[in-house]
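Hi,

Here is the structure I promised to pass on.

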Amino acid sequence: MSKNKHDIEEEKAMIEALKVMQTLGGKMTRKEIRSEIRDNSDVFSEDEVDEVKVSKKSGAKYHPFQYLFNHAVKKLIKSGYFVTEDNRVLELSESGRTVNLNNFSRSRDVLPFLIDNKKSKVKADEIIDDIDDDTVDNEPWRDQLLNALSSMSPQKFELFSRGLLKQMGVDIDDEIGIQYVADGGLDGFGYITSNDFRTTRVALQSKRWESKVSTPEIDKFRGAMDKYNAEFGIFITTSDFTREAIKVARQGTRVITLINGDKICDLVAKYQYYVQPVTTYKLGSFYTDKG
(Lines give C-alpha, C1' and ligand atoms only; values in the text may rest on other atoms or scores of the structure.)
Protein backbone atom coordinates (compact mmCIF):
# COMPACT_ATOMS: atom_id res chain seq x y z
CA MET A 1 0.00 0.00 0.00
CA SER A 2 1.41 3.37 -1.00
CA LYS A 3 2.12 6.00 1.63
CA ASN A 4 0.02 9.13 1.83
CA LYS A 5 1.50 12.58 2.44
CA HIS A 6 0.90 12.44 6.21
CA ASP A 7 2.69 9.10 6.53
CA ILE A 8 5.67 10.37 4.54
CA GLU A 9 5.97 13.57 6.60
CA GLU A 10 5.61 11.66 9.86
CA GLU A 11 8.35 9.22 8.85
CA LYS A 12 10.63 12.15 8.00
CA ALA A 13 9.91 13.72 11.41
CA MET A 14 10.74 10.42 13.13
CA ILE A 15 14.05 10.11 11.29
CA GLU A 16 14.99 13.73 12.00
CA ALA A 17 14.18 13.36 15.71
CA LEU A 18 16.22 10.16 15.95
CA LYS A 19 19.09 11.75 14.02
CA VAL A 20 19.22 14.74 16.40
CA MET A 21 19.21 12.46 19.44
CA GLN A 22 21.92 10.19 18.02
CA THR A 23 24.07 13.20 17.15
CA LEU A 24 23.66 15.22 20.34
CA GLY A 25 24.03 12.73 23.16
CA GLY A 26 20.71 10.93 23.33
CA LYS A 27 19.01 12.95 26.08
CA MET A 28 17.06 16.11 25.20
CA THR A 29 13.71 17.80 25.74
CA ARG A 30 11.13 17.84 22.98
CA LYS A 31 11.64 21.57 22.61
CA GLU A 32 15.40 21.17 22.20
CA ILE A 33 14.92 18.55 19.48
CA ARG A 34 12.44 20.76 17.61
CA SER A 35 14.79 23.72 17.89
CA GLU A 36 17.68 21.69 16.48
CA ILE A 37 15.52 20.54 13.56
CA ARG A 38 14.44 24.12 12.92
CA ASP A 39 17.99 25.45 12.89
CA ASN A 40 19.85 22.68 11.08
CA SER A 41 17.59 20.20 9.29
CA ASP A 42 18.12 19.55 5.60
CA VAL A 43 14.68 17.93 5.43
CA PHE A 44 12.43 20.55 7.04
CA SER A 45 12.94 24.26 6.35
CA GLU A 46 12.69 26.81 9.13
CA ASP A 47 9.51 28.14 7.50
CA GLU A 48 7.94 24.69 7.69
CA VAL A 49 8.84 24.34 11.36
CA ASP A 50 7.64 27.86 12.26
CA GLU A 51 4.45 27.83 10.16
CA VAL A 52 1.28 28.85 12.00
CA LYS A 53 -2.23 28.02 10.83
CA VAL A 54 -5.72 28.75 12.11
CA SER A 55 -8.16 25.93 12.75
CA LYS A 56 -11.25 26.20 10.56
CA LYS A 57 -13.24 24.44 13.26
CA SER A 58 -12.23 26.31 16.43
CA GLY A 59 -10.40 29.39 15.15
CA ALA A 60 -7.39 28.52 17.34
CA LYS A 61 -3.86 28.99 16.07
CA TYR A 62 -1.59 25.98 15.88
CA HIS A 63 1.77 24.86 14.48
CA PRO A 64 1.32 22.01 11.97
CA PHE A 65 4.93 20.88 12.42
CA GLN A 66 4.64 20.78 16.20
CA TYR A 67 1.53 18.63 15.86
CA LEU A 68 3.32 16.32 13.39
CA PHE A 69 6.44 16.18 15.55
CA ASN A 70 4.56 15.37 18.77
CA HIS A 71 2.70 12.49 17.20
CA ALA A 72 5.91 11.17 15.64
CA VAL A 73 7.59 11.29 19.06
CA LYS A 74 4.62 9.63 20.73
CA LYS A 75 4.93 6.70 18.34
CA LEU A 76 8.68 6.50 18.82
CA ILE A 77 8.07 6.23 22.57
CA LYS A 78 5.40 3.56 22.20
CA SER A 79 7.55 1.54 19.80
CA GLY A 80 10.53 1.65 22.16
CA TYR A 81 12.98 4.02 20.44
CA PHE A 82 12.59 6.76 23.07
CA VAL A 83 12.04 6.40 26.79
CA THR A 84 10.76 9.13 29.11
CA GLU A 85 9.67 9.53 32.71
CA ASP A 86 7.94 12.89 32.46
CA ASN A 87 6.94 13.01 28.77
CA ARG A 88 9.22 16.03 28.38
CA VAL A 89 12.82 14.84 28.61
CA LEU A 90 13.47 12.06 26.11
CA GLU A 91 16.25 9.48 26.12
CA LEU A 92 17.37 7.09 23.41
CA SER A 93 16.79 3.44 24.20
CA GLU A 94 19.15 0.75 22.92
CA SER A 95 16.90 0.42 19.88
CA GLY A 96 17.12 4.17 19.30
CA ARG A 97 20.90 4.17 19.59
CA THR A 98 21.43 1.28 17.18
CA VAL A 99 18.73 1.80 14.55
CA ASN A 100 20.04 2.38 11.01
CA LEU A 101 18.35 5.57 9.87
CA ASN A 102 19.36 4.98 6.26
CA ASN A 103 17.06 1.97 6.28
CA PHE A 104 14.39 3.22 8.70
CA SER A 105 10.76 2.52 7.85
CA ARG A 106 7.79 3.87 9.78
CA SER A 107 5.52 1.09 8.51
CA ARG A 108 8.00 -1.70 9.29
CA ASP A 109 9.91 -0.41 12.34
CA VAL A 110 7.22 1.52 14.21
CA LEU A 111 3.61 0.73 13.35
CA PRO A 112 3.71 -3.02 14.17
CA PHE A 113 4.61 -2.11 17.79
CA LEU A 114 1.69 0.26 18.31
CA ILE A 115 -1.24 -1.26 20.14
CA ASP A 116 -3.57 1.60 19.33
CA ASN A 117 -2.57 2.03 15.70
CA LYS A 118 -5.62 3.47 13.95
CA LYS A 119 -6.31 3.02 10.29
CA SER A 120 -8.42 6.17 10.00
CA LYS A 121 -6.70 9.46 9.29
CA VAL A 122 -7.84 12.70 10.89
CA LYS A 123 -6.62 16.10 9.78
CA ALA A 124 -4.58 18.04 12.29
CA ASP A 125 -6.86 21.04 11.75
CA GLU A 126 -9.80 19.05 13.16
CA ILE A 127 -8.17 17.83 16.37
CA ILE A 128 -6.36 20.84 17.80
CA ASP A 129 -7.67 19.91 21.23
CA ASP A 130 -5.45 16.80 21.16
CA ILE A 131 -2.47 18.57 22.73
CA ASP A 132 -1.55 16.21 25.54
CA ASP A 133 2.06 16.17 24.35
CA ASP A 134 2.24 19.96 23.93
CA THR A 135 1.24 20.69 27.50
CA VAL A 136 4.55 19.34 28.84
CA ASP A 137 6.29 22.40 27.38
CA ASN A 138 3.49 24.80 28.22
CA GLU A 139 4.53 26.95 31.17
CA PRO A 140 2.20 29.99 31.37
CA TRP A 141 4.80 32.23 33.03
CA ARG A 142 7.02 32.00 29.94
CA ASP A 143 4.25 33.41 27.75
CA GLN A 144 3.54 36.08 30.37
CA LEU A 145 7.21 37.07 30.46
CA LEU A 146 7.57 37.30 26.70
CA ASN A 147 4.34 39.30 26.42
CA ALA A 148 5.62 41.69 29.10
CA LEU A 149 8.97 42.10 27.34
CA SER A 150 7.25 42.67 23.99
CA SER A 151 5.19 45.46 25.57
CA MET A 152 8.25 47.29 26.91
CA SER A 153 9.69 50.37 25.29
CA PRO A 154 12.98 49.78 23.48
CA GLN A 155 14.81 51.68 26.22
CA LYS A 156 13.33 49.53 28.99
CA PHE A 157 14.12 46.33 27.11
CA GLU A 158 17.73 47.44 26.75
CA LEU A 159 17.76 48.09 30.50
CA PHE A 160 16.36 44.60 31.07
CA SER A 161 19.03 43.06 28.83
CA ARG A 162 21.89 44.84 30.59
CA GLY A 163 20.47 43.88 33.98
CA LEU A 164 20.18 40.22 32.95
CA LEU A 165 23.82 40.16 31.84
CA LYS A 166 24.86 41.83 35.10
CA GLN A 167 22.98 39.12 36.99
CA MET A 168 24.95 36.56 34.98
CA GLY A 169 28.27 38.04 36.09
CA VAL A 170 29.07 40.59 33.39
CA ASP A 171 30.61 43.84 34.71
CA ILE A 172 28.56 46.38 32.76
CA ASP A 173 30.33 49.55 31.61
CA ASP A 174 28.45 52.60 32.90
CA GLU A 175 29.01 54.65 29.75
CA ILE A 176 29.29 52.58 26.56
CA GLY A 177 25.89 51.64 25.17
CA ILE A 178 23.97 53.28 28.01
CA GLN A 179 22.85 56.32 26.06
CA TYR A 180 19.86 55.60 23.84
CA VAL A 181 21.38 57.62 20.99
CA ALA A 182 24.96 57.86 19.68
CA ASP A 183 25.90 54.56 21.30
CA GLY A 184 27.83 53.31 18.29
CA GLY A 185 25.19 50.67 17.57
CA LEU A 186 25.56 48.93 20.93
CA ASP A 187 22.99 48.52 23.70
CA GLY A 188 25.54 47.62 26.32
CA PHE A 189 29.19 46.80 26.90
CA GLY A 190 30.93 44.96 29.67
CA TYR A 191 33.72 42.77 30.92
CA ILE A 192 33.88 39.14 31.99
CA THR A 193 36.77 38.03 34.19
CA SER A 194 37.52 34.31 34.24
CA ASN A 195 39.08 32.28 37.04
CA ASP A 196 42.55 32.84 35.62
CA PHE A 197 41.97 36.62 35.82
CA ARG A 198 41.69 37.02 32.08
CA THR A 199 39.25 39.81 31.25
CA THR A 200 37.22 39.67 28.04
CA ARG A 201 35.35 42.55 26.42
CA VAL A 202 31.75 41.74 25.50
CA ALA A 203 29.27 43.80 23.49
CA LEU A 204 25.47 43.65 23.74
CA GLN A 205 22.76 44.17 21.16
CA SER A 206 19.08 43.84 22.08
CA LYS A 207 16.03 43.91 19.81
CA ARG A 208 12.46 43.87 21.08
CA TRP A 209 11.10 42.49 17.83
CA GLU A 210 8.28 40.28 16.60
CA SER A 211 9.97 39.37 13.31
CA LYS A 212 13.08 37.22 13.15
CA VAL A 213 16.51 38.81 13.30
CA SER A 214 18.24 38.30 9.95
CA THR A 215 21.84 38.30 8.71
CA PRO A 216 22.17 42.08 8.05
CA GLU A 217 21.50 42.80 11.73
CA ILE A 218 24.27 40.38 12.73
CA ASP A 219 26.66 42.08 10.30
CA LYS A 220 25.77 45.53 11.68
CA PHE A 221 26.39 44.31 15.21
CA ARG A 222 29.81 42.96 14.25
CA GLY A 223 30.68 46.37 12.84
CA ALA A 224 29.67 48.01 16.13
CA MET A 225 31.77 45.45 18.03
CA ASP A 226 34.83 46.52 16.00
CA LYS A 227 34.51 50.09 17.24
CA TYR A 228 35.12 48.99 20.84
CA ASN A 229 37.36 45.98 20.14
CA ALA A 230 34.83 43.61 21.66
CA GLU A 231 36.10 40.04 21.69
CA PHE A 232 32.64 38.52 21.53
CA GLY A 233 29.06 39.64 21.40
CA ILE A 234 25.67 38.78 22.83
CA PHE A 235 22.55 39.44 20.74
CA ILE A 236 19.25 39.26 22.64
CA THR A 237 15.82 39.33 21.00
CA THR A 238 12.29 38.56 22.12
CA SER A 239 11.67 36.80 18.80
CA ASP A 240 14.13 34.47 17.08
CA PHE A 241 16.92 34.32 14.49
CA THR A 242 16.80 33.10 10.92
CA ARG A 243 18.75 29.96 10.11
CA GLU A 244 21.22 31.99 8.03
CA ALA A 245 21.71 34.51 10.85
CA ILE A 246 22.63 31.66 13.19
CA LYS A 247 25.26 30.42 10.75
CA VAL A 248 26.75 33.89 10.28
CA ALA A 249 26.88 34.50 14.04
CA ARG A 250 29.07 31.40 14.45
CA GLN A 251 31.53 32.33 11.73
CA GLY A 252 34.84 34.12 12.14
CA THR A 253 37.05 34.50 15.18
CA ARG A 254 34.47 36.44 17.21
CA VAL A 255 31.43 34.28 17.76
CA ILE A 256 28.19 36.04 18.65
CA THR A 257 26.01 34.35 21.26
CA LEU A 258 22.36 34.44 20.21
CA ILE A 259 19.63 34.56 22.85
CA ASN A 260 16.05 34.21 21.59
CA GLY A 261 12.79 34.40 23.51
CA ASP A 262 12.99 30.82 24.74
CA LYS A 263 16.53 31.28 26.05
CA ILE A 264 15.57 34.56 27.72
CA CYS A 265 13.00 32.64 29.74
CA ASP A 266 15.58 29.98 30.64
CA LEU A 267 18.08 32.59 31.83
CA VAL A 268 15.50 34.60 33.78
CA ALA A 269 14.53 31.41 35.61
CA LYS A 270 18.11 30.24 36.16
CA TYR A 271 19.28 33.55 37.60
CA GLN A 272 15.90 34.39 39.16
CA TYR A 273 15.91 37.83 37.58
CA TYR A 274 12.77 39.61 38.81
CA VAL A 275 10.95 36.29 39.21
CA GLN A 276 10.15 34.10 42.18
CA PRO A 277 10.10 30.29 41.95
CA VAL A 278 6.91 28.53 42.99
CA THR A 279 6.96 24.93 44.18
CA THR A 280 4.18 22.62 43.03
CA TYR A 281 3.56 18.89 42.95
CA LYS A 282 2.55 16.31 40.38
CA LEU A 283 0.46 13.39 41.60
CA GLY A 284 1.90 9.91 41.14
CA SER A 285 0.10 7.18 39.25
CA PHE A 286 -1.16 5.72 42.58
CA TYR A 287 -3.71 8.53 42.73
CA THR A 288 -4.77 8.32 39.10
CA ASP A 289 -4.77 4.57 38.36
CA LYS A 290 -8.15 2.88 38.50
CA GLY A 291 -8.58 0.09 41.00
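Predicted model: local features only at pLDDT ≥ 70, side-chain atom pairs only at ≥ 80, totals over all residues.

Residues are numbered from 1 along each chain as its sequence is written, and side-chain values use heavy atoms, leaving out hydrogens and water.

Start with helix α2 (residues 30-40) and helix α4 (residues 64-78), whose axes lie 11 Å apart at an angle of about 125°. (Axes are lines fitted to C-alpha atoms over the stretch in contact, with angles from 0 to 180 degrees between N-to-C directions; helices are DSSP runs of H or I, at least four residues, and strands runs of E, at least two, numbered from the N terminus.) On the α2 side, Arg 30, Ile 33, Arg 34 and Ile 37 meet Phe 65, Gln 66, Phe 69, Asn 70, Val 73 and Ile 77 of α4, contact being heavy atoms within 4.5 Å.

Ile 37 also touches Glu 16, Ala 17, Val 20, Phe 44, Val 49 and Arg 243, among others, not counting residues up to four places away in sequence.

Ile 37 turns up again in the largest nonpolar core, which has 28 residues; Leu 18, Ile 33, Ile 37, Leu 76, Phe 82 and Phe 104 touch the most other members. (Such a core is a set of buried Ala, Val, Leu, Ile, Met, Phe, Trp, Tyr and Cys residues joined through side-chain atoms within 4.5 Å, buried meaning under 20% relative accessible area with a 1.4 Å probe, protein chains only.) At least two residues each come from α1 (5-23), α2, α4 and β5 (89-92), and α1 gives the most, with seven. Apart from this core lies another of 19 residues, including Leu 149, Phe 157, Phe 160 and Val 268.

Cheers

Terms used
Buried < 20%, exposed > 50% of the residue type's maximum accessible area, 1.4 Å probe, protein only.
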